[in-house]
Amino acid sequence: MPFYTPKSLLAIAVADLLAGATAGLIGCSTTDEVLSCHNTTEVTDMCCFNYPGGALLQVQFWDTDPATGPTDSWTIHGLWPDYCDGDYGEDCDTSREVSDVQTILEDQGRTDLLEYMEEYWLSDDESDNEFWAHEWNTHGTCINTIDPDCYTDYTDNEEVGDFFQEVVDLFKTLDTYTALSDAGITPSNDATYTLAEFQSALGDIHGGYEVTLLCDDDTVYELYYYFNVYGSAVNGTYEPTSPLEDSSCPTSGIKYPPKDSSSKKTKRAGRSQRGRKNQKA
Ligand SMILES: *[C@@H]1O[C@H](CO)[C@@H](O)[C@H](O)[C@H]1NC(C)=O
Ligand SMILES: *[C@@H]1O[C@H](CO)[C@@H](O)[C@H](O)[C@H]1NC(C)=O
């Protein structure tokens, strides 16, 4: 029978704690958490407080030319941090850039996540894997709470996998297609809708808050749901909030065309998929 001194027992307990219950993401105290963009004093725990990117946008596409994804669902563009004022950073940590998200997720055993992304997180020009890497490199690395420093027993790219999981989890709570169709807003080649109708329908799944709705001319193709967060962006509490960018759609006459499967193979002409800067102009 092994002989344990009190000291070695303590070492075992600490080792168990590190390897077991608290391995992975550092926990955030639920009582001390401050809602991002709402602190009135300095907050120092940068694993439990999103700053400077305290507003997080869950961005979705309605891609019709070429059509991507299921005909009865919007698709994922990403999760973007914003400095609580419409300004934002990009490419915040080149040392953590990745090029092959698929292999990272496979190596982490996240095959269900990958399958979901292959159905709902699709590029309309480059490969999906390149698109995913772009989303992490450009936007994900700017979310300060999704950082190796926020883990115990950190394993390579752990935070990258957690980023993709969180984006998908959040997307699943924001079923734009169903919210719109419940309000009688269905894809059509003939009908048009007002911005107020869109906002009312989407407010129903977003705490009554508006969204940023983007149009090419009169045709809707993308939207931003804004959140502030209690705790880490990985598993904190996302609170809906008001948009920090204006919608670019007209107030009426908005077209919401069906995804036409016959256009699936064609390339979109003109508009860049990643045209966030253009949208701000
Ligand atoms: C986030 O994960 C950490 C570590 O597993 C846990 O301690 C904490 O309670 C979680 N927070 C929420 C809000 O789920
Ligand atoms: C909110 O917290 C950040 C990060 O600690 C700090 O830089 C900023 O000054 C704080 N805001 C206010 C109003 O105190």
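Analyst: What follows covers the annotated active site, then the ligand, then one asparagine. This is a predicted model, in which local features need pLDDT of at least 70 and side-chain atom pairs count only at pLDDT 80 or more, while totals for chains, interfaces and linings use all residues. Residues are numbered from 1 along each chain as its sequence is written, chains are lettered from A and ligands numbered from 1 in the order in which they are written, and side-chain values use heavy atoms, with hydrogens and water left out.

User: Which residues does UniProt list as "active site"?

Analyst: The unreviewed UniProt entry places that feature at His-77, Glu-135 and His-139. They span 63 residues in sequence, yet no two of their C-alpha atoms are more than 10.9 Å apart, so they gather at one spot. UniProt positions are in the numbering used here, feature names are shortened, and annotations may be inferred rather than shown by experiment.

User: Where does Glu-135 sit, and is Glu-135 buried or exposed?

Analyst: Glu-135 belongs to helix H4, residues 128-138 (helices, H or I, of at least four residues and strands, E, of at least two are DSSP runs numbered from the N terminus). Its relative accessible area is 0%, so Glu-135 is buried (buried means under 20% relative accessible area, exposed over 50%, partly exposed in between, with a 1.4 Å probe and protein chains only).

User: And what does the side chain of His-139 make a polar contact with?

Analyst: The partner is the side chain of Trp-80, at 3.2 Å, and the side chain of Trp-80 also has a polar contact of 2.9 Å with that of Glu-135. A polar contact is a pair of N or O atoms within 3.5 Å; within protein, one must be able to donate a hydrogen and the other to accept it, and residues adjacent in sequence count only if both atoms are side-chain atoms. His-139 itself lies in the loop between H4 and strand S4 (151-152), and counts as buried at 2% relative accessibility.

User: Switching topic, which residues surround ligand 1?

Analyst: Leu-25, Gly-27 and Asn-235 surround ligand 1, each having a heavy atom within 4 Å of it. An oxygen atom of ligand 1 is 2.4 Å from an N or O atom in the side chain of Asn-235.

User: Last one: where does Asn-228 lie?

Analyst: Asn-228 lies in strand S7, residues 219-230, and is buried, with a relative accessible area of 4%. A polar atom of its side chain is 3.3 Å from the backbone oxygen of Gly-54.
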